Structure formats: C-alpha cells, structure tokens
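Visitor: Could you walk me through a couple of features here, surface first and then the inside?

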Amino acid sequence: MPNKNPLLSLGFRPFFLAAGAIGCLSLLAWLAMLHGLLPINLRFVGSAWHAHEMLYGYTLAVIAGFLLTAVRNWTGQATASGAELVGLVLLWLIARALPWLALPVWGDALLAAAFPLALAWSMRQPLWNGPNPVNRVFLLLLGGMAVAAAWSHLSAAGGVPAGLLDADGLMLALVLITLLIVSGRVLPFFTQAAINDAEPKSSSSQWLDVTTFIAAGAWLAADLISPWPMLKAITALAFALSLAARFAGWHDRRAWRIPILAVLYAGALWLMLGLILDAGAELGLMAPNVALHALTAGAIGVFTLGMMVRVTLGHTGRAMVSPPSMTAAFVAINLAALIRVVFPLFWPAQYNHWMLLSGLLWSGAFAAFLVVIGPMLLAPRVDGRPI
C-alpha cells in the first residue's frame with residue numbers, strides 16, 4: 001500500500017529537504033562561529049566541525065536520498081518508506097547532535113556509524129539481489145563511510161592514536177568515488193535525454209571506465225597510506241587525466257545551454273580541477289585547502305545541488321526544466337566555489353572577506369533550494385502517480 005504522506009513515500013523527499021537545510025544553516029552557523037557570534041564546538045575544534053557537517057551531514061544526506069530513490073529504479077524493488085524512512089532520518093538527526101553532547105566517546109562513535117550502516121542494511125536486498133551485481137559496491141562504500149564516521153568521533157576525542165587514520169580524508173575519497181560512479185551513469189543518460197541527437201560514448205568505452213576506477217583506487221590508496229608526496233601527485237594527475245578522457249566522450253557543447261544539465265557538467269569539471277590542484281598541493285605549489293575546497297565546495301557542492309534539483313523535478317512529475325531561481329542558485333554555488341578556491345590565491349590579504357562572500361553565496365543557493373524545491377518535496381506528484 002502506498003504511503004499517504006508524500007514526504008515519507010520515497011527517500012529523496014526527506015533527505016533532500018534535510019540536505020538543503022543543513023547545507024544552508026550549518027554554513028551560516030560556521031560563519032557566525034568565525035565572527036564570534038556562536039561558540040566553537042569543543043570536540044571538533046577549529047574548522048573540524050564545519051568539515052564534519054559538510055561531509056557526514058550534508059553530503060551523506062544527499063547520498064541517502066539519491067540511493068534510496070535510484071536503487072528502487074535500478075532494481076524495481078522497494079526501498080525504505082514510511083516508518084522505516086523516519087527511522088533513518090532520526091539516525092541522521094541524532095548524528096548531527098553528537099558533537100554537542102557529552103556522551104562517552106565509544107557511544108558517539110557507534111551512533112555516528114549507525115546511520116550509514118542502517119542505510120546500507122535497508123537497501124541490502126535490492127542491491128544484492130538486483131540485476132546488476134556492480135551495484136553491490138554501494139554497500140561497501142557505505143560500510144567505509146560508517147568506519148570514517150565512527151573514527152572521526154574517536155579521533156576528535158583522543159580515543160585512538162593520532163595520525164593512524166585520516167577519517168575525513170577517507171570519507172572525502174569515498175564520496176568522490178560515489179560521485180564518480182553516479183556521474184558515469186547519469187551524465188551520458190541525461191545528455192541523451194536532453195539533447196535529441198546527442199551521442200555520448202558511455203557503453204563503448206568500458207576500458208576507459210576500468211582505467212578511471214583503477215586510477216581512482218590508486219589515488220585513494222596513495223592519499224591514505226603513501227608517505228611520498230610525488231606519488232600522491234602522480235596518482236591525482238592520472239585520475240584527473242582519465243576523468244578528462246571519460247568526460248570528453250560524454251560532452252556535448254549544447255549541454256551548456258541547458259542549466260539543469262550544465263550544472264552537472266560543471267560539477268564534473270570541478271572534480272578534475274580539484275585533482276589537479278591536489279597534485280599541486282602535494283608538490284608544495286599551493287596550500288592544501290585550495291584543492292580541498294575545489295573538491296568539496298566545487299565538485300561535491302555543485303554536482304549534488306544539480307542532482308537534487310533534477311531528481312526532484314523528475315520524481316514529482318515535473319518537466320526537466322530548471323526554474324529561473326534555481327538557475328540563479330547554480331550560478332551562485334559555482335561563484336561560491338570559485339571565490340573560495342581562486343580568489344585567495346591572487347588576493348590572500350582579503351582571505352576573510354572571500355570566505356564570508358563565498359559562504360553567503362553558498363547559503364543563498366541552498367536557501368533558494370529550500371524555498372523553490374522544498375514545497376515540491378512536501379507535496380504529492382503533480383501527475384497523480386503515487387510515488
């Protein structure tokens with residue numbers, strides 16, 4: 001029996017709403033902390049709370065909403081809805097409160113890991129029994145994210161030896177590999193759907209896909225365990241080069257005239273740029289946070305905002321046309337990433353100003369998402385279909 005509450009009918013609805021809210025509010029809270037208007041978190045000190053909420057709060061909410069929706073499409077099997085979906089959302093909310101609670105450190109770690117583990121458990125049957133065995137990799141990725149979430153709390157509280165594992169680095173790498181898989185599925189399909197005579201090369205380049213994932217695995221391994229910066233730089237450049245070759249096969253320049261598609265292309269370009277900058281940072285040519293924000297604010301932020309808008313439009317029965325306000329939001333989030341990444345390189349003395357401007361643009365993009373897309377997430381489909 002279909003769920004009568006639209007918000008609880010399919011995973012993208014509550015989790016995209018949660019992602020939009022935390023994407024907007026946590027950044028504003030971080031800016032307020034920087035300016036002394038709110039207290040800095042005492043467990044995740046410095047910028048650690050901001051990084052934590054962007055990775056484990058915002059990004060993991062988007063991944064949850066996307067997978068709970070896409071897995072149902074890929075396999076034809078039901079995913080969490082109703083009470084089960086409420087339970088997943090509550091676990092995500094509990095994890096957001098953990099940095100501010102004085103719980104025992106191992107309790108923190110277990111509760112932090114509970115959400116990605118529960119998410120994986122809720123999708124175990126369709127992912128494992130579905131027609132495409134490759135989809136099982138998402139269970140492995142979510143398991144890795146659970147390890148990263150737990151370790152981040154253990155590390156912040158001094159419950160594990162310092163330097164043993166970079167939890168946020170692991171989480172970022174797992175998110176980027178998830179983005180790599182998802183973009184490889186949706187960009188060729190979305191391009192062909194939006195442009196009638198487009199011929200993106202997706203199925204004919206299996207060797208390139210394999211090469212790209214080998215390069216991604218080498219970059220992940222080098223980033224986590226290699227003590228040699230040169231090796232890290234080489235693997236980052238190899239990953240970027242393989243992505244560029246893959247992207248060239250999908251690219252159709254007409255896509256840049258279609259905002260709902262252009263924003264996804266822009267996210268893919270940010271990923272390539274971020275990896276190139278990562279190589280530069282490993283070679284000492286620039287500060288590491290330049291590459292970090294190209295990969296996070298740029299690749300993850302731009303791509304996920306575009307995906308949330310497109311998935312919402314499609315799964316609420318609307319035309320795949322970006323509302324003008326959301327096109328403005330796409331511009332704003334790209335500007336936020338550009339200002340955060342590039343401007344400090346040329347005008348470092350105004351670093352605090354660039355960070356403030358970037359943060360306000362980012363929050364404005366997600367405020368627009370909540371105002372425009374939020375009501376769609378709360379309402380039934382406009383075409384009368386149940387979900």
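**A patch and a cavity**

Guide: Helix H1 (12–34) and helix H14 (351–372) each supply at least two residues of the nonpolar patch; helices here are DSSP runs of H or I, at least four residues, numbered from the N terminus. This is a predicted model, where local features need pLDDT of at least 70, side-chain atom pairs count only at pLDDT 80 or more, and totals for chains, interfaces and linings use all residues. Residues are numbered from 1 along each chain as its sequence is written, and side-chain values use heavy atoms, with hydrogens and water left out.

Visitor: Which residues make the nonpolar surface patch?

Guide: A patch like this joins nonpolar side chains (Val, Leu, Ile, Met, Phe, Trp, Tyr) within 5 Å, from residues with over 30% relative accessible area and no salt bridge. Here Leu25, Leu28, Leu356 and Leu360 make one of about 330 Å².

Visitor: Is Leu360 buried, partly exposed or exposed?

Guide: Buried means under 20% relative accessible area, exposed over 50%, partly exposed in between (1.4 Å probe, protein chains only). Leu360, found in helix H14, counts as partly exposed because its relative accessibility is 45%.

Visitor: What lines the largest cavity?

Guide: It takes 14 residues, with Val62, Ile63, Thr178, Val182 and Thr304 nearest the centre of the largest cavity. Helix H2 (48–75), helix H7 (167–194) and helix H11 (288–315) each give two or more residues to that lining, and H2 gives the most, with five.

Notes
Patch = residues over 30% accessible without salt bridge, like charges linked within 9 Å, V, L, I, M, F, W, Y side chains within 5 Å. Areas by Shrake-Rupley, 256 points an atom, 1.4 Å probe, with all protein chains shown as cover. Salt bridge = Lys/Arg side-chain N within 4 Å of Asp/Glu carboxyl O. 1 Å grid on protein atoms, 1.4 Å probe; cavity = no way out; pocket = protein on both sides within 12 Å on 5 of 7 lines; lining within 4 Å.
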